[in-house]
Amino acid sequence: MNLPVIARSTRIGAPRRPSTGSATKQSRGSVLGALDCFAALAMTLLLAAVLFVISSSTPAFAQSPAELISQFRAKNGEGAVTLDATLNAVAQEQATAMAAKDVLDHDVAGNFTARVARSKAGSAAENIAYGYADFPRTLGQWINSSGHRRNLLLKGASKVGIANAKSASGRTYWAMVIGGDYEKPKPKPAQVPKAKSAKDKAGKDKPAKSTAEAAKGKTTKDAPAKSKPPKPAARDCTIKLLGLCI
């Protein structure tokens, strides 16, 4: 008598396979799964390391020229300056003119006093240079020069303009215009009420007469004049005694 064989396959009646073969496939699958997990973990760690290197090697955002000048001024007891559109335009015109003629000259774009007048600055100064392509090294040139250093530390300065232009020969020309002592808008004087004249006060204090009161006691030109009683005619006296006429 044959007993039925219970197979582990999903198909009923499938031939029975050796248990050792099934165990071998399961162990291989486990090893492959572990290798996949390890590879994924290794790739994650490698990617993280690459990102860390890139972020650490990336330089910090460069400071603006106005911030660098303000730092230098602060170290020497002067106030900060901010970029100004008008002074920027003045500096750009100067840098462009120098680059066009490839010459380092304060008057190449015109007299400085006339050029800076539109900024309405009470005091102003200009630095120019050529050579370096970046501003920090150009600023270093000015700091190490007594005249340019004095301009950077202009008393009362609050605004600055910086510009550069490259000539046909490849030179980079720089211009900086710094200004201060700007006039503050004057407040409008308070309006003082005008003092009332004595005539106005008298006119206001005295009540006006009504039409009836004004007309009272006055006659019009058309009103008839009142007649006076006639005087008695003079009598002829025969005898006048003690003022009596007989």
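## A buried tyrosine and its ring partner

Tyr173 is buried, with a relative accessible area of 0%. Here buried means under 20% relative accessible area, exposed means over 50%, and partly exposed lies in between (1.4 Å probe, protein chains only). This is a predicted model, in which local features need pLDDT of at least 70 and side-chain atom pairs count only at pLDDT 80 or more, while totals for chains, interfaces and linings use all residues. Residues are numbered from 1 along each chain as its sequence is written, and side-chain values use heavy atoms, with hydrogens and water left out.

A search of the whole structure turns up 3 aromatic pairs. Rings of Phe, Tyr and Trp (its six-membered ring) pair if their centres lie within 6.5 Å; planes under 30 degrees apart count as stacked, over 60 as edge-to-face, and the rest as tilted. Tyr130 and Tyr173 have ring centres 5.5 Å apart and planes at 40°, so this pair is tilted. Because Tyr130 lies in strand β2 and Tyr173 in strand β4, the pair ties together parts that are 43 residues apart in sequence. Tyr130 itself counts as partly exposed, at 33% relative accessibility.

Phe135 and Trp142 make an edge-to-face pair, 6.1 Å centre to centre with 70° between the planes. Both Phe135 and Trp142 are buried. Ring pairs link Phe135, Trp142 and Trp174 into a cluster.

What does Trp142 touch, leaving aside its neighbours within four places in sequence? Its contacts (heavy atoms within 4.5 Å) include Asn127, Ile128, His148, Leu152, Trp174 and Met176. There is also a charge over a ring to look for: Lys159 lies over the face of Tyr182, at 4.4 Å from the ring centre. Such a placement requires NZ of Lys or CZ of Arg within 6 Å of the ring centre and within 35 degrees of the ring normal.

## The whole chain

The protein chain has 8 helices and 6 strands. Helices (H or I, at least four residues) and strands (E, at least two) are DSSP runs, numbered from the N terminus. In order from the N terminus, the elements are α-α-β-α-α-β-α-α-β-β-α-α-β-β.

Of the 246 residues in the protein chain, 22% count as buried. The protein chain exposes about 19700 Å², and carbon and sulfur atoms supply 60% of that area. Accessible areas come from the Shrake-Rupley method with a 1.4 Å probe, and for residues only the protein chains shown count as cover. Among contacts between residues at least 6 apart in sequence, 65% join residues at least 24 apart.

## The open sheet

In which order do the 4 strands of the open sheet stand? The order is β1-β3-β4-β2, with mixed pairing. Two strands pair if DSSP finds at least two bridges between them. The edge strands are β1 (82-83) and β2, each pairing on one side only.

β1 and β3 run parallel and are joined by 2 bridges, and Leu83 stands opposite Val160 in β3. β2 and β4 run antiparallel, with 8 bridges between them; here Asn127 has Met176 in β4 as its bridge partner. β2 is mostly covered, as 6 of its 8 residues are buried.

Ala124 also lies in strand β2 (residues 123-130), and is partly exposed at 29% relative accessible area. Not counting residues up to four places away in sequence, Ala124 touches Phe112, Val116, Leu154, Ile178 and Gly179.

## Nonpolar cores

A nonpolar core is a set of buried Ala, Val, Leu, Ile, Met, Phe, Trp, Tyr and Cys residues joined through side-chain atoms within 4.5 Å. In soluble globular proteins, nonpolar side chains tend to be buried together. The largest nonpolar core in this model has 19 residues, and those with the most contacts inside it are Ile69, Phe135, Trp142, Val160, Met176 and Ile178. At least two residues of this core come from each of α2 (65-75), β2, α5 (135-143), β3 (157-166) and β4 (172-180). The largest share, 4 residues, comes from α2. Apart from this core lies another, of 17 residues, among them Ala99, Ile128, Ala175 and Val177.

Helix α2 also holds Gln71, which is partly exposed, with a relative accessible area of 37%. Gln71 and Val81 are 10 residues apart in sequence and 9.5 Å apart in space, C-alpha to C-alpha.
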